[in-house]
Amino acid sequence: MGATAFLYLLLSLWVQGATAADLGFTRSDFPREFVFGAGTSAYQYEGAVAEDGRSPSSWDTFTHAGKMADKSTGDVAADGYHKYMEDVKLMFETGLEAYRFSISWSRLIPNGRGAVNPKGLEYYNNLIDELVNHGIQVHITLHHVDLPQILEDQYGGWLSPKIVEDFTAYADVCFREFGNRVVSWTTIDEINIGVIGSYDSALFPPGRCSDPFGVTKCTTGDSSIEPYIAAKNALMAHASVFSLYREKYQHKQKGIVGINIYSYWSYPLTNATVDLEATQRCKDFLYGWILGPLVFGDYPQVMKKNVGSRLPPFTKVQSELIKGSLDFIGINHYFSVYVNDRPLDTGVRDYKADMSVNSRGSRTDPPAGQGPPTDAPSDPKGLQLALEYLKETYGNLPIYVQENGMGSADDSLDDTGRIGYLSSYMGSTLKAMRNGANVRGYFAWAFMDLFELLSGYQSRYGLYRVNFTDERRPREARLSARWYSGFLKHNGTTALASRAQVNQALNLVS
Ligand SMILES: *[C@@H]1O[C@H](CO)[C@@H](O)[C@H](O)[C@H]1NC(C)=O
Ligand SMILES: *[C@@H]1O[C@H](CO)[C@@H](O)[C@H](O)[C@H]1NC(C)=O
Ligand SMILES: *[C@@H]1O[C@H](CO)[C@@H](O)[C@H](O)[C@H]1NC(C)=O
């Protein structure tokens with residue numbers, strides 16, 4: 001009996017209760033070229049913020065000003081800068097097919113523009129080589145909400161059109177140095193909610209806002225107009241990077257370039273016409289703000305109407321440059337909301353007020369305040385509906401689910417709740433694909449516990465647990481890591497087996 005057959009015999013004896021049959025699908029129900037991965041981002045993972053020539057990013061400034069609820073920083077985070085070799089080995093053992101991470105712009109180009117930091121170059125080259133040597137696809141995000149502070153200081157970062165030239169030059173370095181090994185480039189993570197966090201609610205650096213829209217009192221900013229300006233500049237920067245890749249690199253490197261949007265599904269709270277319209281408006285503001293220009297060359301009508309002169313228009317030349325500038329759509333997806341109409345305020349408005357809806361995490365919740373609800377229950381069906389909506393509305397472009405995962409204050413290794421969450425959302429991805437959605441990959445957030453942008457170290461998302469009180473930052477597989485591994489390496493045969501059983505199975509094959 002071969003080792004594999006022996007393994008399956010053992011597994012069939014071991015696995016009690018839920019198995020692949022209960023999950024309703026296996027790895028081989030997805031196309032072979034579909035990729036399953038997991039992700040991290042630079043500031044959340046690397047640490048080593050003042051090492052080897054890295055200059056501060058806007059997140060360093062923000063966390064060191066004590067802006068996080070738990071007063072935490074990413075100074076050490078998961079210490080990935082020192083532990084990436086060990087981590088790639090863990091990814092390989094898990095059976096990860098792809099790894100999504102971001103490059104720290106201020107580590108690679110500490111002045112924001114100009115000279116490349118050789119140590120930064122070396123770190124990313126080593127990481128990429130290690131991934132490639134282990135057969136793991138490389139999916140890189142260029143900007144994951146962590147702008148070099150120096151560009152923030154010099155011209156206000158994304159608020160200035162000057163960002164277009166600097167972002168393009170940074171991308172050029174990345175394409176030139178790393179592009180021969182990179183499958184997929186995402187220019188900007190969560191472009192829509194990113195600018196809201198940065199310039200409307202002040203939840204993210206640079207923490208700008210104006211009364212009454214911020215989560216804190218801001219000394220500078222204008223919540224009514226800055227998010228719209230930043231989004232336009234970010235779209236222009238994205239388009240510039242896309243055309244650079246297309247003209248200079250794509251024919252030899254064969255990679256793809258897309259953008260990432262924060263997504264949630266919205267259901268109408270009631271079937272009243274005003275609520276159905278409010279639900280569509282919510283989608284137009286969330287998706288259409290970004291995908292309207294990228295796919296059709298302009299913002300949705302309802303945004304132009306409600307935002308008016310605060311929405312910076314595109315010239316004809318800009319519109320033509322932006323239109324069609326993406327090979328794929330990346331979405332981050334965690335929950336759904338219920339939406340009802342809220343009459344348009346006549347006074348000063350921000351994005352949420354312009355959207356003119358109330359949203360809540362469940363039918364019975366009170367309306368959430370600024371931003372989406374924070375404790376919405378799991379709703380896998382919402383991901384299926386979002387994927388099908390994107391297909392119908394924006395021309396069936398390839399889509400990657402780039403983040404999906406469950407946060408929890410519970411540090412336990414036996415995270416069966418997370419397995420339930422991930423498997424149900426993977427299942428709804430498959431349903432959307434069976435209905436024709438062009439989905440090409442799924443990435444769990446996160447490969448390991450990280451510094452979380454909204455909650456510091458108070459919320460855990462990792463397949464692997466990280467002990468942040470131990471200076472060595474040891475990693476330990478949660479049950480979800482072992483389950484994901486079983487799904488990927490053994491076609492789901494080990495799904496939902498007990499941790500001890502899966503543990504044994506993994507030891508057998510490694
Ligand atoms: C709205 O109508 C749909 C389709 O008829 C129905 O399935 C749904 O339950 C209704 N929703 C509410 C809140 O009444
Ligand atoms: C984390 O590390 C600290 C310090 O080494 C240790 O005291 C603690 O028990 C560890 N926690 C867990 C859950 O392993
Ligand atoms: C995976 O499992 C499914 C369902 O049991 C089966 O149909 C399929 O052939 C298996 N694929 C591989 C590669 O073993």
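This is a predicted model: local features need pLDDT of at least 70, side-chain atom pairs count only at pLDDT 80 or more; totals for chains, interfaces and linings use all residues.
Proline 380 has its place in helix α16, which covers residues 380-394.

**Proline 380 and its surroundings**

- Proline 380 counts as buried, because 21 C-beta neighbours lie inside 10 Å of it and the cut-off for a buried residue is 20 or more.
- When its neighbours within four places in sequence are left aside, proline 380 is in contact with Ser424, Tyr425, Gly427 and Ser428.
- Between proline 380 and asparagine 260 there are 20 Å in space, taken from C-alpha to C-alpha, while in sequence these two residues are 120 residues apart.

**Strand β4 and its partners**

- Strand β4, made up of residues 184-188, is largely enclosed by the rest of the structure, because five of its five residues are buried.
- Strand β3, which covers residues 137-143, pairs with β4 in the parallel sense, and four bridges join them.
- Strand β5, which covers residues 256-268, also pairs with β4 in the parallel sense, here over three bridges.
- Serine 184 of β4 is the bridge partner of histidine 139, and serine 184 also has a bridge partner in β5, namely isoleucine 256.

**Helix α11 along its length**

- Helix α11 runs through residues 226-253 and bends by about 50 degrees at arginine 246.
- Just after the end of α11 comes lysine 254, whose phi is positive, at about 60 degrees.

**Helix α10 against α11**

- Helix α10, residues 191-199, packs with α11 at an angle of about 140 degrees, and the axes of the two helices are 9 Å apart.
- This angle makes α10 oblique to α11, since angles over 145 degrees would be needed to count as roughly antiparallel.
- The crossing of these two helices, α10 and α11, is right-handed.
- Residues of α10 that take part in the meeting include Ile191, Val195 and Tyr199, and among those they meet, as a group, on the α11 side are Glu226, Pro227 and Ala234.

**Helix α9 against α11**

- Helix α9, residues 162-178, packs with α11 at an angle of about 35 degrees, with 9 Å between their axes.
- Where α9 passes α11, the crossing is right-handed.
- The α9 side of this meeting includes Ile163, Phe167, Ala171 and Phe175, while the α11 side includes Asn233, Met236, Leu244 and Tyr249.

Technical notes:
Residues are numbered from 1 along each chain as its sequence is written. Chains are lettered from A and ligands numbered from 1 in the order in which they are written. The bend at a residue is the angle between axes fitted to the seven residues ending there and the seven starting there. A residue is buried if 20 or more other C-beta atoms lie within 10 Å of its own, exposed if 12 or fewer, and partly exposed in between; C-beta atoms are placed from the backbone. Two strands pair if DSSP finds at least two bridges between them. Axes are lines fitted to C-alpha atoms, for helices over the stretch in contact, and angles run from 0 to 180 degrees between N-to-C directions. Angles under 35 degrees count as roughly parallel, over 145 as roughly antiparallel, 65 to 115 as roughly perpendicular and the rest as oblique. A crossing is left-handed if the near helix is turned anticlockwise from the far one by less than a right angle, and right-handed if clockwise. Two residues are in contact if their C-beta atoms, placed from the backbone, lie within 7 Å.
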